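Subject: Structure handover

Hi,

I am passing this structure on to you. Please open it beside this email and follow along.

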Amino acid sequence: MHRYVIKRILLLIPVIIGVSFMIYFIMDLAPGDIITQLVGEDATEEQIKALEHEYGYDRSVFYRYGKYMLGLLHGDLGTSYITKKPVWDMYISRLPKTFWLAVGASVVAIGLSIPLGIVSAVKSGSLVDNSCMVLALLGLSMPNFWLGLLLIIEFSLNLGWFPSGGFRGFSSVILPAITIGTGHMAVMTRTTRSSMIDVIRQDYLRTARAKGVSENKVITKHAFRNAFIPILTIIGGQLCAGIGGAVITETVFSWPGVGRLIIDYVHQRDVPVVTGAIIMTTIITGVIHLAVDLLYAVVDPRIKGKYSRKGVKRVKKVRKEAA
Amino acid sequence: MKKLLVSLICVFLICGFVFAGGSGEQKTTTGEVKYKEAVVCADGSQITTGDPQSINNIQHNRLFKCSHNTLVSYNSAEAKYEPELATSWEWNADLTELTLKLRNDVTFQNGEKFTANDVKYSYERIMSLNSTASSKFVGVLDHTEVIDDYTVKLVLVKPNVDWLDTLALPLASIVNQKAIEADPLKGPWVGTGMWTITALEEGDYVHMVKNDNYWGEKTPTRELTLRYMGEASARLIALQNGEVDVCISPANTEKGYVEEDPNLKLIEIPSSTCCYFAFNTSKGPGSDENLRLALAHCINYEDVILGASSGEGTRAISNWGPATYGYYDGFGDYKYDLDLAKQYLEKSAYKTITISVKDNARLRAAQIIQANAKEIGLTVVIEELEAAALTAKSAFKTAEHESMIYTMGWNSYGDDASRAYGKNSNTNKATLSNDRVMELLELGRQCTDDAKRKEYYKEIQVLNHEHAWYIPLYYTELSIAINKGVSGIIWEGHQAHDYSNIVVTV
Amino acid sequence: MDKEKNILLDIDHLTVNYELEDETVEAVRDVSFKVEKGKTLGLVGETGAGKTTTALAILNLIPDPPGVIKGGKIMLDGENVLEKSMKEMTHIRGKEVSMIFQDPMTSLNPVFTVGDQIAEALMIHENLDKGAAFKKAQEMLEIVGIPGERAHEYPHQFSGGMKQRVVIAIALACNPQLLIADEPTTALDVTIQAQVLDLMKELKKKYGMAMILITHDLGIIAETCDDVAVMYAGQIIERGSLEEIFNTARHPYTEGLFNSLPNIADRKERLKPIPGLMPDPTKLPKGCAFAPRCPYAKDSCIDKMPEEIHFGGTHYCRCSRYEDPGFRIEREDIQL
Amino acid sequence: MARQKLVSRQYMKRSRSGEVWHRLKKNKGAMAGLVIIALLALVAIFADVLVDYDTQVIGMTLKDRLQAPSKQHIMGTDDLGRDIFARLLYGSRFSLSVGVVAVAIAVVVGVILGAFAGYYTGGIVEDIIMRFTDIFAAVPNMLMAIVIVAALGANTLNLMISVGVTSIPQFVRTTRAAVLTVTGQEYIESARAIGESETKIIFKHILPNCLSPIIVRVTLRVSSAIISASSLSFLGLGVPAPAPEWGSMLSTGRAYLRGYSYMTLFPGLAIMITVLAFNMVGDGLRDALDPKLKK
């Protein structure tokens, strides 16, 4: 188990290198560089030269990237060109907000999708099934910014239940979490449904029924626990997407999260902030995936203790099937 | 493992409820009138730094007017300079040396005493920063001499009558050496202003508390927060909900809601922001005067104002700010005359031009101009760019754009025009390097004779009208929605309002 | 009268259909039989004959949709199971009637310990708390020959035979009056089969319950059962006591079944399989379903649905040919 | 169970695609989706015939701006006095093509890479492809798309590219998984045994048998591509004006949401219906192709 965890963490390293390289170079390719953003309207030639030297823009992008990676090796995510703050500080101050939003969205998605998915599966093929699926799809098909603004107008302005935006305590999480969570619903409901349909046909449910377990309990206890692994995979995936920041929703709700951090600084061509934040996202995403894999073992004892080479393959297979 | 999960979930929930607590509203009382203790102002632009010398833009200037002081300030209502940290000042005969007497009763927010050395340190720091702010000083200020603790002499490279304006800009704020050396990141936050910055989350808010040792008058307000809310609709809703007290620039389309709401007030002030069409005169279609004039005469200006800013704007005749020193519009506007426009176009070799734009209002204006131009057979292509890409593309040195729509916020002093016309200025979106204009700007900078100076500036504007480097479109209407109880803000046409004395009666 | 009292289960004209989108499978057609208290009934037939459906109907567990019980009565201890509410059914399942399924590999829930799975039945029916139920579950495991401490293990840690023992433990946990065993040994190794069967016989005796044993293995029937019912294409075509069926089989299909058994005494003898396949259950013939394969069939067999004919004792057979009083099937002696 | 065997026997009578079609036909949602998509495609193809681009789509009458739906303008007019209905009709071109082209890019690249990774499993080819996929997949889709559009510049083609590129990992993974199962089959062994070239085996024998998961993913992905494109429009990185792409119409309308909600309502509904249609078809296909989900 420990070996497995360590191996998984080590496997993250090439991904981080790849991601950092890709983002750094794409950002560098983008028209408009940081020097133009920083210098004044009538900066002198000397000032520009000095700035270019300061940020390494008098040399090739490989030099800048190398320097950045050297810093990364020492655990330094770099320093923002714009704010002059360490990228780590900037990221860490945003992370809790994004985290709460991601968790809130997952809670909304889980709370809505799993019941819908289960009902859909139990009544598979019926009108109820179709209505549940359409309901779940509605969330996905409404563009987030539209839904977000509608929610603000209704629940913040007209009803005054929640603040209109910003990160201000528990109540402020609700509207943006609904906005994102409903978007997640389609996939999660669909996964719950098909996973439950798979399980509902299993013999052990008949065994449970035959021993007098009530139908509700057969579904919620016996079937659901078995159907949970693909759902767990989806929850993990959506949590990861959430940790990367929900750019649109964060914009609509003035939510100072990671997504806005990245896009704001993409616009300003602040390469270290963008690269650093995406590296952090990659790491956290990797850790969440690992946690999900470890959780499989909690849900399904057959996977437990199989985190040997063989076990890993099995987990991968389970995940693939779920995807 | 199961128990671990359960306990984790519990921790989540508990944290959630902890977050939910707090934020009760408090009030202070002065005599009969009750004031809100904590005031919040919402804005659509982000504050990224508390260092006044590193940046020069509207939203930051609003912050620095609260937290820092400059030596002099400009009273736009009375159009005169007023003492701030300096009590009096004196020019030498050839306008190259300015000697200022300083207040002796001022302390920084960290308790340090303010002296002439702080002025020297601050100004030298600006020059060394290579920031957007520093270009205002580099090449203008030669050096700073400390005469005694409360007297300082500024020696300029060449005469500049508008130097006092530069000194009044927030970027010329006085910072504290000790604070900066102790903490290079937060040190520059320390100023002599009425408000002490306590927290700055970029992209979220700046929180300030009243500096009880402030040397000037104090307000009853205890806390001031400048909050970033990017989405205009959400920002106005926050005001209507009472979450904030000031909402900068509500959406033009939503002003009606402010007027309807008995608790709100709409402040409308003439703005010095001019939206104009800029041709890249250095190359391509923009270098053809006939094409420029053709476009100038085919634009339906009323439609542009209606479409771009919902009719909330006034037709601009000159591309200068109406309150800017030397403003002139005696030549009249470009007449909407399709025949004339066609004649010009026939003389031009170009029949196509690309407009580069970035955001909504300008994009809408571009679409209207595109439709207008179509009527005389001129094809306009719209290129939508990100801000950074557009800045880079239209920078003076690169100048790869053919034309663009730009909004320039004008300051009140005459030399501000050098931003729009000066060589190497990145705001010179026409990529102009007209010798006569350069000469006129330089003359204006050094001229103390009011009438003569205005003549120079008039000539620049006349030249622009003849050659149509810039086609002025409209002045944006400035609107701010506020809670009815808000007072004490000094509203500015250039939008760097002064919140220092803000109070909100309950 | 006395005999009537002794009847535990009385199935009367049971008909079950699977109604698919565009066709209907007639899975169980007009099935009637009785099970006496403490006795064992063997239900024999090919795959798809409707044995499992009949068994599931007793527990009202036929998946709906598509399964629909079209008619008939299932009287358990004098009460019609089909008229019970969902809630009442949960009190019958596992308590009055238990069922053991064919494949032990898939009958246990992989994510719960076997102890929990046995205990669950006890918690439902015996009102035991979790601890007591688990303790009882361990005792049950001991009874079926598994060490009690293995109750904490998960199904995947058990072999097939052991799993079937666990399934039996679950079924017997609440001391049911009737145990339905649906091919309980088919999926097991031959050596394990015998062990499991012996265990079942022993436990049946110990608890004094009745049993319905579904199988296609006549050997097992001979060893275990008191009565036999033979199913073909959803109908019971012959039923009676073990002796009646084994010694005087009347129906040509039953006869064919016996003929297709390998003769252990004479290994050289070739098997005589019944020619042909069971008919498509969505398109059953109007008359006798076996007629197309029946060596004795006449035109009348194909057109007319045969009635049950009583042959004395408990022996019934569905074959129209016996309307001709002289009709006899050619028998070969069966050695068991 | 007996019953299941019967069901599968029943379907064996039809060919596989016929069988899928038969099952799909039964799914009312999927059929409704198909009809909607067909209608949309027709509108997109004949947009030029239905409305005149110069006068109705980009031509503006400012005095008519922000009108409520009426007989002349059944969906009202937008902030520049253009007929919303005409723009919506024409906009189907942009929105559909962004979705379809983006996914086409992803399919071509993703399927080829996935096929190679699945076929040459265990080798360096697989390692390289899958590591690259991991890297691309590690960055959240929306951020990746934003970074790419920022780098390439915002226009329709780049929008398609960025949305397409972010969808590649999904297709690589789906294809690889499908290829892995098919490669184990005996007929592949026999193709190898008669000495067919590996490329031929991959493209002739393996890929056609991996189509169903890919097709399902395509339909589902088209809808998320449309949503992504509209989100990018919201951030000012979408199809440039005055093209009436639905996403940009919707995001232009957000300033008018409170007063003139129909400016967002109709483009929003258009996006919703389209996305819904593609999803219903995708779900229906998935159910039809997956024997496990058979009723």
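Below are notes on a sheet in chain C and a helix pair in chain A.

Please keep in mind that this is a predicted model.

The sheet in chain C

Eight strands make up an open sheet in chain C. Their order is 6-7-8-3-9-10-12-11, and the pairing is mixed. Which strands stand at the edges? They are strand 6 (97-100) and strand 11 (308-310) of chain C. Each has a single partner strand, so one side of each is left without a neighbour in the sheet. On average, neighbouring strands of this sheet are turned by 20° against each other, direction ignored.

Next, strands 7 and 8 of chain C. Strand 7 (residues 178-182) and strand 8 (residues 210-215) run parallel, joined by five bridges. Opposite C:L178 of chain C stands C:A210, in strand 8.

Helix 8 (residues 170-200) packs with helix 10 (residues 215-243) in chain A. The angle is about 155°, and the axes are 8 Å apart. That makes the two helices roughly antiparallel, because angles over 145 degrees count as such. Their crossing is right-handed.

Which residues meet here? From helix 8 of chain A they include A:I180, A:H184 and A:V187. From helix 10 of chain A they include A:A223, A:N226 and A:P230. The contact residues divide into eleven nonpolar, seven polar and one charged.

Best wishes

How values were computed. Residues are numbered from 1 along each chain as its sequence is written. Chains are lettered from A and ligands numbered from 1 in the order in which they are written. This is a predicted model: local features need pLDDT of at least 70, side-chain atom pairs count only at pLDDT 80 or more; totals for chains, interfaces and linings use all residues. Two strands pair if DSSP finds at least two bridges between them. Helices (H or I, at least four residues) and strands (E, at least two) are DSSP runs, numbered from the N terminus. Axes are lines fitted to C-alpha atoms, for helices over the stretch in contact, and angles run from 0 to 180 degrees between N-to-C directions. Angles under 35 degrees count as roughly parallel, over 145 as roughly antiparallel, 65 to 115 as roughly perpendicular and the rest as oblique. A crossing is left-handed if the near helix is turned anticlockwise from the far one by less than a right angle, and right-handed if clockwise. Two residues are in contact if their C-beta atoms, placed from the backbone, lie within 7 Å. Ala, Val, Leu, Ile, Met, Phe, Trp, Tyr, Cys and Pro count as nonpolar, Asp, Glu, Lys and Arg as charged, and the others, Gly among them, as polar.
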